[in-house]
Amino acid sequence: MRHDDSATVPLSIPRQSGETDLAVKEVKIERRRYIVCRNEEEARKDAEARATLLAGLQRKLAAGAKSLVANTGYRRFLAAPQGDGLAIDPVKVEADAPFDGVFVLRTSLLSALAVVLRYRNLLAVEQSFLAAKALLATRPIFHRTDAAIRGHIFCTFLALVLRKELLDRLSGGWATVPHWQSIIDDLLDLSAVEVDQDGRRPLLRTAPRPRIDPICRALGLTLPPVYQEVPAEKAKCFTG
């Protein structure tokens, strides 16, 4: 690995729970430009995972397990000193540590920080596709014409835009944004019932769950009254 002493630039990217802290720098090797990023949280996780792996490897070596060389995860830390069995190679362990929490992007466009932000947006796009398929239940698609397929995709994209807008608004006033399914369940539980009473047909609204009021405030909406008198002409439309 080539050593580079150039300074890194800190970058904090907001997320739903906390922030992602990165150290970013640009490196050029043989006219090729690389954006090297280090995620400190992921670096700690990688170091802990390696320590756990090495502890398990040490126990297996003590037990004389010779099948370790077939395990890719173990083999990268093994050496055979003077051909006398297997042992953990400290040089290989030390060489692996600098890669903890590191990922590399390569592009000739944009500034280094802009590249990282665009890359994070790609992750958001992947999460959006997952949300569309799982949360919004837009798959599978059964259509006979290209126009119907385009319409389905447009409605799916519109649903994703509206979902993101709602979550963005909720994140401004909630310590923890509720799960999407909880929001859907609360909205489905909210309904209006038409009652036939002495020739009148009023609408009775069900009581909202606790999450409904903050959602309405975030969207600037007002729920209709619990009891709403329906004019006679509209009541005839309902019955007709």
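The numbered points below describe a predicted model of a protein.

1. Overall composition. The protein has 240 residues, and 22% of them count as buried. Its secondary structure comes to eight helices and nine strands. The accessible surface is about 17,100 Å², and carbon and sulfur atoms hold 57% of that area. Among the contacts with a separation of 6 or more, 44% join residues 24 or more positions apart.

2. Helix α5. This helix covers residues 146–171, which makes 26 residues. From its first C-alpha to its last it reaches 37 Å, close to the 38 Å expected at 1.5 Å a residue. The buried residues of α5 are Thr 156, Leu 160, Arg 163, Leu 166, Leu 167 and Leu 170. An α-helix has 3.6 residues a turn, so residues three or four places apart point the same way.

3. The side chains of Asp 168 and Lys 164 meet in a salt bridge, with 3D separation of 2.7 Å from N to O. Because Asp 168 and Lys 164 are four residues apart in helix α5, about one helical turn separates them. Asp 168 is partly exposed, at 39% relative accessibility, and Lys 164 is exposed, with a relative accessible area of 52%.

4. Helix α7 and its cover. In helix α7 (residues 212–219), the buried residues are Ile 212, Pro 214, Ile 215 and Cys 216. The elements covering these buried residues include α5 and α6 (180–189). Just after α7 comes Gly 220, which takes a positive phi of about 70°.

5. The side chains of Arg 209 and Asp 186 form a salt bridge of 3.0 Å, N to O. This pair links distant parts of the chain, with Arg 209 in the loop between β8 and α7 and Asp 186 in helix α6, 23 residues apart. Are the two partners buried or partly exposed? Arg 209 is partly exposed, with a relative accessible area of 35%, whereas Asp 186 is buried at 1% relative accessibility.

6. The structure holds twelve salt bridges. One of them joins the side chains of Asp 96 and Arg 50 at 3.0 Å, N to O. This pair also links distant parts of the chain: Asp 96 lies in helix α3 and Arg 50 in helix α1 (residues 40–62), 46 residues apart. Asp 96 is buried, with a relative accessible area of 19%, and Arg 50 is buried at 11%. Side chains of opposite charge can pair when their charged atoms come close.

7. Asp 100 and the network. Through shared partners, salt bridges join Arg 50, Arg 76, Asp 96 and Asp 100 into one network. Asp 100 is placed in the loop between α3 (90–96) and β6 (102–106). With a relative accessible area of 7%, Asp 100 is buried. Leaving out residues up to four places away in sequence, Asp 100 touches Arg 38, Ala 43, Asp 46, Ala 47 and Arg 50.

8. The hairpin of β2 and β3. Strand β2 (residues 19–29) pairs with strand β3 (residues 32–39) in the antiparallel sense over eight bridges. Within this pairing, Lys 25 has Val 36 of β3 as its bridge partner. The two strands form a hairpin with two residues between them, and Glu 30 in the turn has a positive phi of about 50°.

9. Thr 107, a residue in a loop. Thr 107 is found in the loop between β6 and α4 (112–134), and is partly exposed at 24% relative accessible area. Which residue lies 73 places from Thr 107 in sequence and 6.9 Å away in space, C-alpha to C-alpha? That residue is Tyr 34. Beyond its neighbours within four places in sequence, Thr 107 is in contact with Arg 33 and Val 115.

10. The three-stranded sheet. Three strands form an open, antiparallel sheet in the order β7-β8-β9. Strands β7 (192–194) and β9 stand at the edges with a single partner strand each, so one side of each has no neighbour in the sheet. Strand β8 (residues 203–205) pairs with β9 over two bridges, and Leu 203 has Gln 228 in β9 as its bridge partner.

11. A nonpolar surface patch. Val 193, Leu 204, Val 226 and Tyr 227 make a nonpolar surface patch of about 330 Å². Tyr 227 belongs to strand β9 (residues 227–228) and is partly exposed, with a relative accessible area of 39%.

Notes:
Residues numbered from 1 in each chain as written. Predicted model: local features only at pLDDT ≥ 70, side-chain atom pairs only at ≥ 80, totals over all residues. Heavy atoms only, no water. Expected span 1.5 Å × (residues − 1). Buried < 20%, exposed > 50% of the residue type's maximum accessible area, 1.4 Å probe, protein only. Contact = heavy atoms within 4.5 Å. Areas by Shrake-Rupley, 256 points an atom, 1.4 Å probe, with all protein chains shown as cover. Patch = residues over 30% accessible without salt bridge, like charges linked within 9 Å, V, L, I, M, F, W, Y side chains within 5 Å. Salt bridge = Lys/Arg side-chain N within 4 Å of Asp/Glu carboxyl O. Pairing = 2+ DSSP bridges.
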